Amino acid sequence: MNKPVDAPLGLQGAGPEDPALAHWRGEYASQIGTDRPVHNRSGIPIRPLYTAADWNPARESATGLPGQAPYTRGIYATMHRGRTWTQRQLIGLGTPAEYNARLQGVLGAGATAVSLIPCNSVFRGVDMDESHFELLGTCGTVVNTAEHMDRALQGVDLAQTSCALNDPSPFTLLAFMLAAARKRGTDWRQVSGTSNQSDYISHYVANHMFFRLALPGARRVLADHIDFCNRFVPKWNPMSVVGQHMQQAGATPAEAVAFTLSTAIQNAEDCIARGMDPDTFLPRFTFFFDISISFFEEIAKFRAARRIWAKVTRERLGAKDPRSWRFKFHGQTSGVDLTRQQPLNNVARVAVQAMAGIFGGLQSLHTDAYDEALSCPSEFGARIAVATQNILREEAHLTDVIDPLGGSHYVEALTDQMQAEIERVMGLVQEAGGMYKAVESGLVQRMIGESARHFQAQVDRGEQTVVGVNAYQVDEDRSARPVNARPDPAAMRAHVAAFAAFKAARPAAEVQRALDALARAAGAARDNVFGRVVEAAEAGCTHGEICATLRRELGFGHVQALV
Amino acid sequence: MSSSNLIPKVLVTKIGFDGHDRGSRVVAAALRDAGMEVIYTPPWQEIAAVVKLATEEDVDVIGISSLATDHLIVPKLMQALREAGLGDVAVIVGGIVPDEDEQLLLEAGVARVFHPGSSLPSIAAAVRELAAGVRARRTTV
Amino acid sequence: MTARPALPAGLPAGERRAVARAISAIEQGGAQAAALHAALAPHLGRAHVIGITGAPGAGKSTLVHALLGELLARGQRIGVVAVDPSSPISGGAVLGDRVRMGTHGAHERVFIRSLASRGHLGGLSRSTGAVVDVMDAAGFDTVIVETVGAGQSEVEILRVADTRIVACPPGLGDEVQAIKAGILEIADLLVVTKADLPGAEAAQRQLHDMLHLRAAAAPGSWPVAVLATRVDSDGRAEGLAGLLEQIAAHAAACGRGRRLQAAARRSSASGDVAAHVRHLAASDPLMQMLGMRCTGGGPGHAEVKLTLQPQHLNFNGSCHGGVIFALADSAFGLASNSHGAVAAGIDAHVTYQQPAKAGDTLLARAHEVSRGRSLAVYRVDVEGEDGQAVSSFTGTVFLSRRHHGSVQRDTD
């Protein structure tokens, strides 16, 4: 949205104005000097003061209490006071052994769950022997086989620790993990975690990093994946609907929520069309959002999202179980707000973003390292990121009160306004025939592009300050910047050599049989493709082989080149 | 409207594995709004494909957007361009490039590196200048 | 006789960089572009040019990609010109067509060049046509021109093609009316894309109905065909074989060479014809020997002047009838060949009204009386300086399919 929004306020014009308020208005006008209109990123105008005239506590029934629909104040009765948010730091670098070392460090420092980021080559669906060597392991871990996954998660009890795997269709990393679990004797029914960012629509729209299969193929495989996990890995969240990519690509916070909820509706309706009961899969839908530094806007955004989702699941999708109505989300502090100039400033930014997410009621949080804008984060930066969460929780005591900003005239009024804007954009998607069609036609991409250009124009004009970039610049001593963390080339070469040896030694017939079965499944509507992926993983097939097979059958994803 | 002599032809593309293309889209749009003709590609272009494209479209400037260490294979691109006889084409890199790698790129023949925070007008001005230089140095057909 | 400018090295062999640089030179315009374009002339006529247009979202790029696949499988070398509109505000453009052409665009036997419309209708037509000529001269078997739109400027662009295809998405509804304007005038083939979608059959029927009315109004012309195609997201295509058959049929019937003839006709707007006529005159040995000068020319007309010398006279001391005939015939020859096609005289008639003498300057003016597909008739008036009629001449030519420039002469 690139124009200021006229959002109706709650009790405008209800009765004569309070004399004290009128007095304030007069004083404000005479003292303020030049005032300029302020809009937040979603285009909503922000006033200098909010009072009961803007939002009245008597409306509390619309807000509800924590753990009760519509969940504005939180999806659980206890929220962070009962169980703090999960500290889930995304990590990924180098070889599985290097990853494991860093993972142990982060767990020791207080993180309570695992998140694995694979190398970009893995994201693209190719094995290490098909990639430029220089690019292996620079931003994620090179995992191409079940064995690699086992090594990466060495020492982690898969029955006790929640693991988020950042891996889109066809979800080979989960397949590798399940193969590793079986080898260790761990019951799949105990395995918990998330197929992080399994939302193919958001990838198609905004973070093509993850886009491996053509749209229709990705849609099919996701539905198979949800089905499989429902039956065999019941504690696993197969559906992670992503708002982060679109917001990072330039969507306003309201647009990001609108598009994400529309995607969730699309995915849910696809499952319902396959005959699945919404109450069996909706409780396992999770969301993944960006948290920008627009502090109050983010808090209001999440509160509004909870309210809308509760309504949608109940009324539109027909879910009856209250667990289906709960908007569960993981928040990641937004790297887009971080700067390369004066990078230590980013520590302050991340702290503010994290607070917004916490006040917004997230279930799981990743804080960026301060050197995110310089390179893939260093261990030093990663430690500070975890410490930030610990400080907010244990020194600032942010978990002591549930939804502490609830009842604030501003936050509640803004929540209402964000809800209106989000629902307006959802209406546009609806008119276009639903999210899948809206994305196919390019409507969503165009809107995001518009918002991205609008924001950049504001920065270029100086209307939006970015400290150190367009204001408060200093001459920096570049040598003081941290040096890039790179994977050890020797270790990587050894990894590549071991991989070649592995391929040469494995039973070729078994591998081929598994790949053939996988190819056949892709052509048969009744077969579960993900089930075959798991079988292929256990037979020793590599990530690249699995992806190539499915690409051949289901088509390679091509991105729309829309500017 | 400017005469056809002066309309810079620019390729905006991404090589390597990264898929984040907000920056390259915004820059492509900005260059268009600055009156240039932009060939825009999605991410994950092969180096050979970029060379073929740059050859056929006879571009003046190639803009590489790199966020996730993909800049590490830009020297390979520079080599491929030279081998194809396109050594006179100006190449710029924008995105996240650590300081220690910037020198590496410049030595490989990259004309300029743009870091996060570079304003669009400054990028457009630099591209225009580079394109003019490329045209001036070229011999006529 | 003027020497022909040489082609850039590597161009006739289709060397990639040479082709690209030649196209850039054409795009830049100016004298150099004109010289280069003229140099291409002897090398034209090999490529069959297919033009494709249609509204945004009609599936053109997908169709082009599928066509590329088919033509590559037949061993062809294919050139593609993809035209995108320039921003009317900034003059810039984002040229995104070629990436929509997917994997075939990276094939060694495919050459893709993107052009921005640059706003000017006339300028674009000439530039696009000349760019196609570069590809023709470079030895491509097929050249595909792709452009967006269903309006007048896109109609102009398609005139550079031999076979013109309009892609129509299904579900046209009221848009059928919009498509009518201009596009149907020039389409040779209508292709309903995405034939698996609802509305595809209805669209085909609507188009058939519209064509039926037109065919009734213009009997004997090429019967415009309506086809349906469908391309999967992974490139598997249906209906392509039929489309290629129709393209070949059209080429055989009337398409082949059509663009070159049209280009010659169109270039009259810029005065290229005048230059062409002068060039012909300068390369005519008899005119040179007798001392004739071409003083003007255009499409279907020419002027030739001759100042009579002693060697032009007969035994009676007045201008030899053969000289007057030669003067009129020269103007006749220039006028009938001005359009670009090689015209051969098959019948001529002369009457002599008044004698002329040494020192007189005679002016012969030829103009076109009629011109059909294979015959054309011209009148030439020969006058003295005082405007008095000296002679009247009528001639008929046969218009061959050969083209000036594609004719190799022994003296070259």
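Predicted model: local features only at pLDDT ≥ 70, side-chain atom pairs only at ≥ 80, totals over all residues.

**Entry 1: chain A with chain B**

I looked up the polar contacts first, and nine residue pairs are in polar contact between chain A and chain B, both residues being at pLDDT 80 or more. On the side of chain A that touches chain B, the elements giving two or more residues are helix H5 (120-124), helix H10 (244-248) and helix H18 (443-461) of chain A. H18(A) gives the most to this side, with six residues. Sorted by class, the side of chain A that touches chain B has 18 nonpolar, 16 polar and nine charged residues.

I then turned to the extent of the contact, which takes 43 residues from chain A and 38 residues from chain B. The area buried between the two chains is about 3,300 Å², and carbon and sulfur atoms give 59% of that area. I found a count of two salt bridges between chain A and chain B. Arg340(A) forms a salt bridge with Asp99(B), and their closest N and O atoms are 2.6 Å apart.

**Entry 2: chain B with chain C**

Here I recorded 30 residues from chain B and 30 residues from chain C in the contact. About 2,600 Å² is buried between chain B and chain C, with 54% from carbon and sulfur atoms.

How many salt bridges cross the interface of chain B and chain C? I noted six. In a salt bridge between Arg16(C) and Glu56(B), the closest N and O atoms are 2.7 Å apart. The polar contacts number 16 residue pairs between chain B and chain C, both residues at pLDDT 80 or more.

Helix H1 (22-33), strand S2 (37-40) and helix H2 (47-57) of chain B each give two or more residues to the side of chain B that touches chain C. H2(B) gives the most there, with five residues. I listed this side by class as 12 nonpolar, seven polar and 11 charged residues.

**Entry 3: cavities**

I found five cavities of 30 Å³ or more in the structure. The largest cavity holds about 110 Å³ of space. Of its 16 lining residues, the closest to the centre are His80(A), Ile358(A), Val401(A), Ile402(A) and Asp403(A). Helix H3 (79-82) and helix H14 (345-359) of chain A give two or more residues to the lining, and H3(A) gives the most, with three residues.

Key
Residues numbered from 1 in each chain as written. Chains lettered and ligands numbered in written order. Heavy atoms only, no water. Contact = heavy atoms within 4.5 Å. Buried area = accessible area lost by both parts, 1.4 Å probe. Salt bridge = Lys/Arg side-chain N within 4 Å of Asp/Glu carboxyl O. Polar contact = N/O pair within 3.5 Å; in protein donor to acceptor, adjacent residues only side chain to side chain. Helix = DSSP H or I, 4+ residues; strand = E, 2+ residues; numbered from the N terminus. Nonpolar A, V, L, I, M, F, W, Y, C, P; charged D, E, K, R; others polar. 1 Å grid on protein atoms, 1.4 Å probe; cavity = no way out; pocket = protein on both sides within 12 Å on 5 of 7 lines; lining within 4 Å. Points joined across faces, edges and corners; volume = space filled by probe spheres on them.
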